[in-house]
Amino acid sequence: MGYELDFGALAQYLGLFLEGTAVTLGLTAVASTLGLALSIAGAAAAGGGFAIARRLVAAYVELIRNTPFIVQMFFVFFGLPSLGLRLSAMTAAVLAMTINLTAYAIEIVRAGIEAVPSGQSEAGRALGLRPAAIFALVVLPQALANVYPALVSQIVITMLESAVVSQIAVVDLTHVADFIQSRNFRAFETYFVITVVYFVLAVGLRRLLARGGRRLLAGRAR
């Protein structure tokens, strides 16, 4: 007997699909905001004058970039309670996503900073600006403009990788799909739908951020 497709069987779960999508986007928004802020600080420390700061940042980046995200998440959710630090599934997911994104974004932002001509900083000093002001007002805007497409790609990757947070019972899009197919046994239809949803989210997020970046960073790339 052949398998008969029935996408109509998923109609009653529309609310769950929307809730899962909202959770996925929410996790991505929070982790991306925190990760970008921390990556700027990390990139500044990596290029600063303190050797110990450079070594700590380098060690952190190497550790996170060379271990699987799911292992990092399990460490946060299952490992930290052994030290007395218990986190909710949602908090653990945000923390793990932020830690992971920050490591990759540090290298991206650092590359952007290094691409800014040294003459820009010299011009700032000639105007009497303090080092912190030079970094924030002169170097950083140009650095972000230089690497903005790479940052957007990393944010999209983080959104797609968030699917694994379902393994710690975060009710994201993938968790919703697992629940639905366990009830109606329509695995093909269910996972086909969320595949399409993830694709639409990735393309839409990339275009949205690209459009916003063009407005915010117009004329700053060097």
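Start by selecting Thr24, which counts as buried because its relative accessibility is 0% (buried means under 20% relative accessible area, exposed over 50%, and partly exposed in between, with a 1.4 Å probe and protein chains only). Thr24 sits in helix H1, residues 14-46. Helices here are DSSP runs of H or I with at least four residues, strands are runs of E with at least two, and both are numbered from the N terminus.

You are looking at a predicted model, where local features need pLDDT of at least 70, side-chain atom pairs count only at pLDDT 80 or more, and totals for chains, interfaces and linings use all residues. Residues are numbered from 1 along each chain as its sequence is written, and side-chain values use heavy atoms, with hydrogens and water left out.

**Around Thr24**

Which residues is Thr24 in contact with, leaving aside its neighbours within four places in sequence? Select Met159, Ser162, Asp172, Leu173 and Tyr198 to see them. Contact means heavy atoms within 4.5 Å.

**H6 and H8**

Next, select helix H6 (residues 131-161) and helix H8 (residues 187-216), whose axes come within 10 Å and cross at roughly 155 degrees. Axes are lines fitted to C-alpha atoms, for helices over the stretch in contact, and angles run from 0 to 180 degrees between N-to-C directions. H6 and H8 are therefore roughly antiparallel to each other (angles over 145 degrees count as roughly antiparallel, under 35 as roughly parallel, 65 to 115 as roughly perpendicular, and the rest as oblique). Now show the side chains that make the contact, including Tyr148, Val152 and Met159 of H6 and Tyr198, Leu201 and Leu205 of H8. By class, the contact of H6 with H8 has twelve nonpolar, three polar and one charged residues. Ala, Val, Leu, Ile, Met, Phe, Trp, Tyr, Cys and Pro count as nonpolar, Asp, Glu, Lys and Arg as charged, and the others, Gly among them, as polar.

**H4 and H6**

The contact of H4 with H6 divides into 15 nonpolar, five polar and one charged residues.

**The whole chain**

Finally, zoom out: the chain has eight helices and zero strands. Its C-alpha atoms fill a box of roughly 80 × 45 × 25 Å, taken along the principal axes. Of the chain's 222 residues, 39% count as buried.
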